[in-house]
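Some notes on the model follow. Please read them with the structure open.

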Amino acid sequence: GLESLITQEECFTNIPNLKRLYIQRTELELKLTESLLEEKRWPIITLRGRGGIGKTSTALEVLNKIIKTGRFNAIIWFSAKEIDLHSGGVSYVQPRVVTKDDIAKEYSYLIEHPKRNEKGFDHKKLFREELENSTFEKTLFVFDNFETIEKPIDVFELLVNNICLPNKILITTRHREFFSDIPIEVEGMNKNEFSELVESVAQDLKITDLITEKTTQILFKESGGHPYVVKVLLGELSINRKFDKSIKIFEDKEQILQALFERTFQNLNSLSKRIFLTLCNWRSIIPEIAVEMVFICNQSDIAETEFNHQDVSDSIDDLRRFSFIEIVNPKAEFRFINVPLTAS
């Protein structure tokens, strides 16, 4: 999320604004939208589902529409992070939103409470009061990737015991321990959504000539409509230039990502592997030129054989094809690289 609140329409918010491929998921979006707009019921809503299934993307798509309705005067986004991004570069910090104390302090600073820097100021008391009676009158508190928070059940109890309408809470999580008023299960895409995704990714990877209706049907059946899984599989197709029948090894859908990553990662060249692991360790959005500089200038410490600028660029493109990384704003003059949470 953004480090400070900005105004969109007539709403204060710090929701992230990354641009990426998104396929409309009409039924899911409608259910979430209706639950958020309801003012007299359901103060806590959870989006639950496997990693890479589209929880965060769907939440952001809906929130950008909710902002325009005027239902909330503020939408506050919380997510654990270890990096601060600034116009001048990157700084490494202790994760700010991990515990109840972190969340409360983050909120105090986001709303710029006048006493936030005073010694002994009770941030947790303020946060409890704000859940019940918000400064903004109608506030949506969003907790993304809730399972990454330390002692999430304790934090969940704090939220449950203090949230009051018309304020609401939206949680995205992989876990099922949190029994909210409205648990919305995020499953795989339906056939139409899946076909649209396959077509869009195939165009991006320039493999539309390899995609047939039969191929799409097989991908849909074997992936369960999982959007991130099919992106990785299409990446393999773009490299091998033929459909891999071994997709049928994935019988346990809960283990499909692990099995798929193990197979795909082993097929990467050594430079691609090292670039990917380095990007995961940096945990940030990185300019492509910075990645090239690091690897070109330090290659004597990295590999026995020499490589050049084009080798690094080709390796980055391979990682993009497999959806191990994504390019942020690909049409901009300088490309920036992000590692999806699932891949990381």
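1. α10 passes α12 in a right-handed crossing; that is, the near helix is turned clockwise from the far one by less than a right angle. Helices are DSSP runs of H or I with at least four residues, strands runs of E with at least two, numbered from the N terminus. This is a predicted model: local features need pLDDT of at least 70, side-chain atom pairs pLDDT 80 or more, while totals for chains, interfaces and linings use all residues. Residues are numbered from 1 along each chain, and side-chain values use heavy atoms, without hydrogens or water.

2. The axes of α10 (residues 270–282) and α12 (residues 309–321) come within 9 Å and cross at roughly 70°. Axes are lines fitted to C-alpha atoms over the stretch in contact, with angles from 0 to 180 degrees between N-to-C directions. The two helices are therefore roughly perpendicular (65 to 115 degrees).

3. On the α10 side, Leu 271, Ser 272, Ile 275 and Phe 276 make the contact (heavy atoms within 4.5 Å). α12 brings Asp 311, Val 312, Ser 315, Ile 316, Asp 318 and Leu 319.

4. Three strands form an open antiparallel sheet, ordered β10-β12-β11. Pairing takes at least two DSSP bridges. β10 (286–287) and β11 (326–328) are the edges, each pairing on one side only. 2 bridges join β10 to β12 (residues 336–338). Pro 287 has Phe 336 of β12 as its bridge partner.

Technical notes: Angles under 35 degrees count as roughly parallel, over 145 as roughly antiparallel, 65 to 115 as roughly perpendicular and the rest as oblique.
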